[in-house]
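This report walks through the sheets, the nonpolar cores and the aromatic rings of one protein model. Please keep the sequence and the structure in view while reading.

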Amino acid sequence: MNGIPFYADSRRSIYVAPEIAPQKLRKAVRGYIPWEADPEVILLVDDTVCGGGGNGLAVTRKAVYGKPLCGSSFAIPLAEIEVAEERNYSIFFGPHCSYHFSGLSRADIRMIGDGILRLAETARREPHAPHNPFAACRADSIFLAPFIPVEKLKNALGAYAPGTPEKDVLLLLDISVFGSAKAGLLLTQNGLCARDTASDSLRIAFSNIRSCRRNERDLFLNELPCLKRIALKSDVLQTLCDAIDAHARQFHPEFSGNQGTV
């Protein structure tokens, strides 16, 4: 079984490496698996109606990726998974994330959950990846490299950050209404790109950021609005503001700093 804790059953659209159908894998990669950053897919569940592979659940040695039939795609690093249990034909990863399967038995789902937990235990023992300076920013709508869903990243780059290489993006904040990520925030090592749902896009280098502030739901850079009506908890928005503050300080020592709320 080559250390892979899953079994294959093509009748139920469960595919295990190295026997994953190439056409299904290609569709999944185009839809929700960040192939360049995480190419070793060991489990693919095709949850599409016609078997196309564009929706489903995928597991690698680093993360779990999902794109349900209804809803936006997600990515969870294996090292952060502590729960993966079957509940009413869904796999439950915690209070903020689950995936409902349309064609699997409860035994199939328990098998997948058990396998994910075994991989998660192994991942927690392995050396950590290079530090992401925005790693402290955590919320359902925040995605950290290298686990940013492909579809969201491509949509964000096309909508408000054309020309930015995918590999340079460290954080994506999705504030779009339906989860397309065509509005939100992208952070790279050198700067940020942002687009509000009702305004033009913004691109600014960290070397040009002199102040970072927030109020209850808005983010301000250099005393000007950057994003409005952000659906983040106050402490999460503050953490994001703090991370932008800390990273910008590296580019010029005279940076005035985060002065909290406005």
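Two strands pair if DSSP finds at least two bridges between them, and helices (H or I, at least four residues) and strands (E, at least two) are DSSP runs, numbered from the N terminus. The model is a predicted one, in which local features need pLDDT of at least 70 and side-chain atom pairs count only at pLDDT 80 or more, while totals for chains, interfaces and linings use all residues. Residues are numbered from 1 along each chain as its sequence is written, and side-chain values use heavy atoms, with hydrogens and water left out.

Strand 1 and strand 2 (residues 41–46) are joined in the antiparallel sense by 3 bridges, and Tyr15 has Leu44 in strand 2 as its bridge partner.

Another open sheet is formed by 3 strands in the order 6-7-8, with antiparallel pairing. Strand 6 (85–87) and strand 8 (97–100) stand at its edges, and the twist averages 30 degrees from one strand to the next. Between strand 7 (residues 90–94) and strand 8 there are 4 bridges, and Ser90 stands opposite His100 in strand 8. Helix 2 (residues 106–125) packs on this sheet as well, touching strand 6 and strand 7.

**Nonpolar cores**

A nonpolar core is a set of buried Ala, Val, Leu, Ile, Met, Phe, Trp, Tyr and Cys residues joined through side-chain atoms within 4.5 Å, where buried means under 20% relative accessible area, exposed over 50% and partly exposed in between (1.4 Å probe, protein chains only). The largest such core has 30 residues, and Phe134, Leu187 and Ile244 are among those with the most contacts inside it. Helix 4 (234–249) is one of the elements that give two or more residues to this core, and the largest share, 7 residues, comes from helix 4. Apart from it lies another core, of 28 residues, including Leu43 and Phe93.

**Aromatic rings**

Rings of Phe, Tyr and Trp (its six-membered ring) pair if their centres lie within 6.5 Å, and planes under 30 degrees apart count as stacked, over 60 as edge-to-face and the rest as tilted. The whole structure holds 5 aromatic pairs. Phe206 and Phe251 are stacked, at 5.8 Å centre to centre with 20 degrees between the planes. Phe206 lies in the loop between strand 13 (201–205) and strand 14 (212–214) and Phe251 in the segment after helix 4, so the pair ties together parts that are 45 residues apart in sequence. Phe206 is buried, with a relative accessible area of 0%, whereas Phe251 is partly exposed at 33%.

A charge sits over a ring if NZ of Lys or CZ of Arg is within 6 Å of the ring centre and within 35 degrees of the ring normal.

| Charged residue | Ring | Distance from the ring centre |
|---|---|---|
| Arg87 | Phe92 | 3.7 Å |
| Arg106 | Tyr89 | 5.4 Å |

Key:
Axes fitted to C-alpha atoms, helices over the stretch in contact; angles between N-to-C directions. Contact = heavy atoms within 4.5 Å.
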